[in-house]
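Subject: Structure handover

Hello,

Here is the structure I said I would pass on. My notes on what was found in it follow below.

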Amino acid sequence: MNKLVAIAGGSTLVYAGLALLMGVLPGITLSQTPAGPGVNPLTLIEAEGRDVYVANGCSYCHTQQVRPLTQDKVFGRPSAPGDFAYQTPELLGSERTGPDLTNIGARQPSAVWQYIHLYNPRAVVPESIMPSFSWMFDVVDKAPAGITPVPLPKAYAPANGVVVPSSEAQALLAYLMSLKQTAWQENKTTAGTPPAPSERPATTSLAATQAPSAGASAPTISGYDAAKGKQLFSANCSVCHQETGEGLAGAFPPLKNNAVVNDANPGAHIHNVLFGLEGVPVDGVKYESAMPPFSTVLNDADIAAIVNYERSSWGNHGKLVTAQDVAAERAKGK
Amino acid sequence: MQPAAHPSSVLKQKDLELARVFAAYTISATAWLVFATFIGILLAYKFGAPDFGSGAWLTFGRLRPIHTNATFYGWASIALVGLAYYVAVRSCRTQLYSVRLAWVGLWLFNIAAIAGTIALDLGYNDGNLEYREWPWPIRLIFLSALLVTAWNLVGTVARRTTDDIYLSNWYTMGGVLWTCIIAVVAILPWYQYGLGQVAVSGYYMHNAVGMWFTPLALGIFYYALPKLLSRPIYSYALGVFAFWTNLVFYPIIGSHHFLFSPLPWWLQTTAIVFSVAMLVPVLGGSANFLLTMRGRFGQMRESYPLAFIFVGVIGYLVGSSQGTVEAFRSMQAVWHFTNYTVGHSHLTMYGFVNFAVWGCIYALLPAATGKYPGQAGLALHFWMALVGSFIYVLSLSIGGTIQGLNWIQGSPFIQSVVDMGPFHVWRGVGGILMFLSHVVFAWNVWCMTYGPSARAAPLVPALARDDTA
């Protein structure tokens, strides 16, 4: 009998001690982590949206943790302990089959885009393998007052009627929009977040490039790093404006043959990329969706690369710009 | 060994009851395996055809936890408990403490797994916290099944007629008892807010695997391997050493699932240090098994059970060592969040645990029932499972590495999705082979229990109806 007590009882006692030490005690301590400045509890509808997110297992493909690594910078600043004070259940996730969503409310604030994407991701991102959540939408003859129908591209829209978000989709959208990082705080003292890595060096290819001569009527592609511009455009712009530059009719404006993009004065073009656009008609058409600002996400050289890519693609012939032009526009402010 | 020595009808009755319990656990587990891996195939298909089956009940995010939980708690748990009972009774030269409790446990395991599966499909998911997604009342049912099992297993060992407690029972009793604690820690809510819950998840995710499946699978190795080879384990002392080092090191490594997260940096570093320390019990255990087989590897040509166990040991060695390598920050910077980790989890759960379970079932179930599977069925199961899992793990390891390098290069995110395309296809190919092998396994289980035995049984067919009298 004594052997049994020693082996079964002894090992269980050892294990209980370790479970306390590695599971319960860190749990108790870290549960008291204070909320970071500006981190607020979820509203009722946002919490409902989080339930939808959990019920459908969104976090099996999307993380909500930004690591202090260079490759994670596209998703926001590194996550800090104070960010998670109101995040129960924790949805940090373990796989990035899809992109991180920590800051999606700031990175893609367009409700129109989010709805189209949820209804069928391939309507805006052809290569996407995310499931369609069309069951969270209703097809009705006429949208009820106060609800704007989702402007789906023809290929994805139902043959008859219009598509409107159900209360589930509305709650999910509210939750996604609530996922916004607060300004970076130095959290080194509160817990183990490592020192933030030094700023990613600006992509230098453009900064070194000379501005094309003022009189050039047809800009030369060789005047800037076209590959870099295309890559940045794909990463930041194409989900709305599409790789074809044609946008989505009724949802996102085309850049192809766009007056601002082809304007000899690039000021407005740069300004829109830096500070976003909302409620302003584009080439005479008014769009529901707001364009997010990129001034906080991208540096001057990157924005110049994007602007130049747009100005020289799809038959556009806009004057090319330099990082200095972007810096000047940035200095003017919104 | 016992029946021949004790021809009394009472003992025969007891043998029959044990055989029925063992058979029922195995059949039930096999049904879960086929179900869980069918869901796995469906999930793999969705990577290439995301619009296939796009309703709420068939959406990826609901099926994925159904696949993992059914594999863990339906298939592997039930199969291992059935084996643990049989090994306890035989190695202690005694009878089950309570046949009734064994049946109660089996029902509780199944009720929990069925209720959990339905709940997840209806969208009742307890927070997407991996491997504890079932709503907590259902996890309480699972906990009660564990408690019943622990009571019964310890009771059986307490009734042993041997003086010593054979090593297998250290591992199996320990595994069940520790997992009761894991389940309780996971359910209690008071220390699971925000980052606190992240710490508990780190602890839970790894312990639910490494303090449950690992000790049970190792425990049955220690019985089945000497049995198949008719020679004692190479070093009993090394087995005891691996037992205690595994117990002390393993519970500490969980946080390596959250490297670079906002969890305290020292907690992550501690997890990395002990992930390296895990090489001690892993190398000790694997060496012990391989040295037990020394000079007899050729026997695998005649004995598929031995071949299954050999692959299981190699799976344990390679999968666990890979886990140590993955735990380094430099490696995690590439592989974290990629499909590489999915490859790793299949190398360990499939290459190690599944092959261990299969080898031990093929080695022990015929001894209990007196009925044997056919050689063709064994061969088909073995080779399809081996080749299938090889393709599966390899494709996700290569694809996952490409994914991670893509991110480091700063390519647009969608590039990593596009580049995974061909590897998703290969994963599906491997998955289909794995699934087909499980169908063959189900047939083999049928042959070993209530179906047609493939060869004339050397023992009395214990499960034949007319034998009960």
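Chain A splits into two domains, domain 1 covering residues 44-178 and domain 2 covering residues 204-332. Please keep in mind that this is a predicted model.

Annotation

The unreviewed UniProt entry lists "domain: Cytochrome c" for residues 44-180 and 224-314 of chain A. In the model, residues 44-180 of chain A are 27% helix and 6% strand, with 17 Å between the end C-alpha atoms. Residues 224-314 of chain A are 44% helix and 0% strand, and there the end C-alpha atoms are 16 Å apart.

Between the domains of chain A

Taken over C-alpha atoms, the centres of domain 1 of chain A and domain 2 of chain A are 26 Å apart. The contact involves 15 residues of domain 1 of chain A and 12 residues of domain 2 of chain A. Together the two domains of chain A bury about 950 Å², and carbon and sulfur atoms account for 68% of that area. On the side of domain 1 of chain A, the residues that lose the most area to domain 2 of chain A are A:Val112, A:Trp113 and A:Val124, which together make up 34% of what that side buries.

Two helices of chain A, α3 (104-107) and α4 (111-119), each supply at least two residues of the side of domain 1 that touches domain 2 of chain A. The largest share of that side, three residues, comes from α4(A). By class, the side of domain 1 of chain A that touches domain 2 of chain A has 11 nonpolar residues, three polar and one charged.

Between chains A and B

How much area do chain A and chain B bury between them? The value is about 6500 Å², with 68% of it on carbon and sulfur atoms. The contact takes 72 residues from chain A and 80 residues from chain B. In chain A, the most area is lost to chain B by A:Tyr15, A:Met22 and A:Tyr60, together 13% of what that side buries.

Between chain A and chain B there are four salt bridges, and 20 residue pairs are in polar contact across this interface, both residues at pLDDT 80 or more. Three helices of chain A, α1 (2-31), α2 (44-55) and α7 (226-236), each supply at least two residues of the side that touches chain B. The largest share of that side, 20 residues, comes from α1(A). The side of chain A that touches chain B divides into 39 nonpolar residues, 26 polar and seven charged.

Salt bridges

Side chains of opposite charge can pair when their charged atoms come close. Over all chains the count comes to 16 salt bridges. One of them joins B:Asp163 to A:Lys3, with the closest N and O atoms 3.2 Å apart. This pair crosses between chains: B:Asp163 sits in the loop between α5 (136-158) and α6 (167-187) of chain B, and A:Lys3 is in helix α1 of chain A. Another salt bridge is formed by B:Arg64 and A:Glu95, where the closest N and O atoms are 2.8 Å apart.

Regards

Methods: Residues numbered from 1 in each chain as written. Chains lettered and ligands numbered in written order. Predicted model: local features only at pLDDT ≥ 70, side-chain atom pairs only at ≥ 80, totals over all residues. Heavy atoms only, no water. UniProt positions renumbered as here; feature names shortened; annotations may be inferred. Helix = DSSP H or I, 4+ residues; strand = E, 2+ residues; numbered from the N terminus. Domains from an automatic or database assignment. Contact = heavy atoms within 4.5 Å. Buried area = accessible area lost by both parts, 1.4 Å probe. Nonpolar A, V, L, I, M, F, W, Y, C, P; charged D, E, K, R; others polar. Salt bridge = Lys/Arg side-chain N within 4 Å of Asp/Glu carboxyl O. Polar contact = N/O pair within 3.5 Å; in protein donor to acceptor, adjacent residues only side chain to side chain.
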